[in-house]
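This note concerns the charged side chains of the structure shown below. Please read it with the sequence and the model at hand.

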Amino acid sequence: SADIMLPAMRSAAVVGILLLSLCCCSLVSAEESDGTAKVEVNIAGYKTKHDVTEHSFIDKDARDIQNAMRAPRTAAGFAEALKIYNDGKNSRTITKARTIAEFWPGAHVNSVGLDHLDQPFWKMFKDYQTSTSFDPHLGAVAAMKGEDSDTQGNYETNRVAKHVDFREQVIKKNIKFQIVMVYALHELEIAIEAYVEAKGSELAQTYLDVWWAFYAGSIETGNGVDGYGPYTLAERRSKFFGTGTAVIGNGGVSKVNDILLKATVEISRLMSTAGNAPAMNNIMKCVRAQLKIPLIQGCVMYAYKTDPATEYEPGADTQEGYNGEFARKGELWSFCSGVLPFLHAASPAAASTLLGEVNIKTLADTSKAKWSIIRPLFSAENLNKMGLKCADVGGFVDKNAAMTSATTLNSDFPVCTDTAQAAPADADSAQCAGDWMLKQVATTEGMTPAAAAAIAASPGASAAVRRPAATLPAMLAGVIIAGLIAR
């Protein structure tokens with residue numbers, strides 16, 4: 001009868017709606033992303049407007065390169081790392097694998113005629129490469145091959161540089177914190193250019209989403225613990241310098257990442273209407289300044305850690321492993337080589353002095369970078385010339401085993417006092433200001449339940465983030481179920 005059929009039909013409808021919602025979610029997540037599909041994806045607290053999932057998978061290549069080197073620690077492992085670097089593995093474009101080897105401004109012809117020639121970071125790296133021949137790509141490749149290079153260093157014959165600990169640090173740090181970082185910023189620069197040249201707000205938004213996908217990566221949730229993208233460096237260095245004081249809302253605490261996430265959300269908002277180019281340009285000055293900070297902190301930190309004359313706990317000259325001589329010197333070279341283009345643009349003399357202390361091409365068997373020489377290079381004047389305030393970089397946390405070390409002295413690198421030196425035209429942390437800086441923008445909506453739960457339980461999560469977000473299919477199913485039950 002109709003009375004018997006109606007409950008059955010209602011039940012069937014409910015099941016059908018639930019199955020449809022699950023099916024649609026699966027189809028969306030499985031669809032290859034070329035950045036054009038208007039599907040929201042949550043990446044480390046930022047909800048994109050386009051499906052850039054495939055772009056974000058580039059961090060898995062960085063992870064697999066790192067794991068290939070680490071597991072066998074043999075020539076075969078480094079060869080596998082080089083293969084992933086050249087051929088790609090986890091991230092795809094529409095037609096082929098996306099490769100880290102192609103991650104550099106100018107490596108691709110932009111399909112809508114946007115170029116990289118005026119991008120400040122690219123110009124600084126290019127100018128420094130012209131001056132010294134150092135290149136983060138060529139350096140990583142030489143280290144993976146274990147070969148001597150006239151321009152990049154002697155990874156076959158130098159006692160320190162040929163060691164697997166040194167090579168591993170140079171490779172993974174060059175890839176994550178120079179190569180991918182510069183290319184991620186390139187996508188953001190292209191986003192602004194697309195907006196300014198009226199290429200369409202959707203195209204501009206796509207490039208904006210790709211920037212964050214490359215910067216944070218697919219594995220990162222926000223706290224910097226498990227990720228393999230540039231995002232992680234700001235989280236990890238912040239504790240040493242006392243700059244981990246933000247409450248981002250995604251589990252992160254780095255002031256750098258807090259500002260970059262807010263800047264990304266604000267640029268997205270500005271892109272929705274015309275006439276906002278001046279505001280975007282000021283935010284970009286802020287972004288460029290912020291991206292220098294983690295590399296500077298890394299260079300300063302490892303200069304302190306590698307010089308046995310400092311108060312930092314020393315590693316034995318022949319000690320292997322993460323805190324040994326070889327790994328520490330590898331990190332020192334990779335971080336400082338990333339800083340050299342910024343410092344060269346601000347003070348060629350200071351950059352020359354820094355290179356003299358860390359230069360891989362003149363690395364003697366027993367040479368040690370001198371903290372007493374490197375420390376003054378990061379003076380208030382030079383930081384200000386790079387567009388930074390002293391508080392942006394911070395100072396050593398004093399005698400704290402969890403943050404720095406039980407013996408590290410704040411007096412060895414205190415927060416400096418800013419000078420009257422003007423910031424450069426293209427980078428200025430003073431532009432990290434405005435109403436957009438007062439908003440908490442991180443969200444867990446669209447994250448996997450496990451990731452959202454981990455963030456909600458973290459000390460850095462806000463009350464808003466701790467409230468679970470409902471997905472559209474679940475809400476739709478809930479409404480239908482409520483209606484059917486009420487009938």
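1. Basis of the note. The model is predicted, so local features need pLDDT of at least 70 and side-chain atom pairs count only at pLDDT 80 or more, while totals for chains, interfaces and linings use all residues. Residues are numbered from 1 along each chain as its sequence is written, and side-chain values use heavy atoms, with hydrogens and water left out.

2. Salt bridges in total. Side chains of opposite charge can pair when their charged atoms come close. A salt bridge is here a side-chain nitrogen of Lys or Arg within 4 Å of a carboxyl oxygen of Asp or Glu. By this rule the structure has 17 salt bridges.

3. A pair within helix α7. Helices are DSSP runs (H or I, at least four residues), numbered from the N terminus. Lys172 and Glu168 form a salt bridge, with 3.7 Å from N to O. These two residues stand 4 places apart in helix α7, which means that about one helical turn separates Lys172 from Glu168. Both Lys172 and Glu168 are buried; buried means under 20% relative accessible area, exposed over 50%, and partly exposed in between (1.4 Å probe, protein chains only).

4. A pair between two helices. Glu331 and Lys173 also form a salt bridge, at 3.2 Å from N to O. This pair links distant parts of the chain, 158 residues apart: Glu331 belongs to helix α12 (residues 325-346) and Lys173 to helix α7. Glu331 has a relative accessible area of 0% and is therefore buried. Lys173, at 9%, is likewise buried.

5. A partly exposed pair. In the salt bridge of Glu381 with Lys385, the closest N and O atoms are 3.7 Å apart. The two residues are 4 apart in helix α15 (residues 380-385), so about one helical turn lies between Glu381 and Lys385. Glu381 is partly exposed, because its relative accessibility is 40%. Lys385 is partly exposed at 26%.

6. A network. Through salt bridges that share partners, Arg70, Arg73, Asp165, Glu168 and Lys172 are joined into one network.

7. A buried charge without a salt bridge. Which side chain of opposite charge is nearest to Glu193? Glu193, in helix α7 (residues 164-196), is buried and has no salt bridge; the nearest such side chain is Lys199, 7.7 Å away. Leaving aside residues up to four places away in sequence, Glu193 touches Leu114 and Asp115, where contact means heavy atoms within 4.5 Å.

Methods
Lys, Arg positive; Asp, Glu negative; His and termini not counted.
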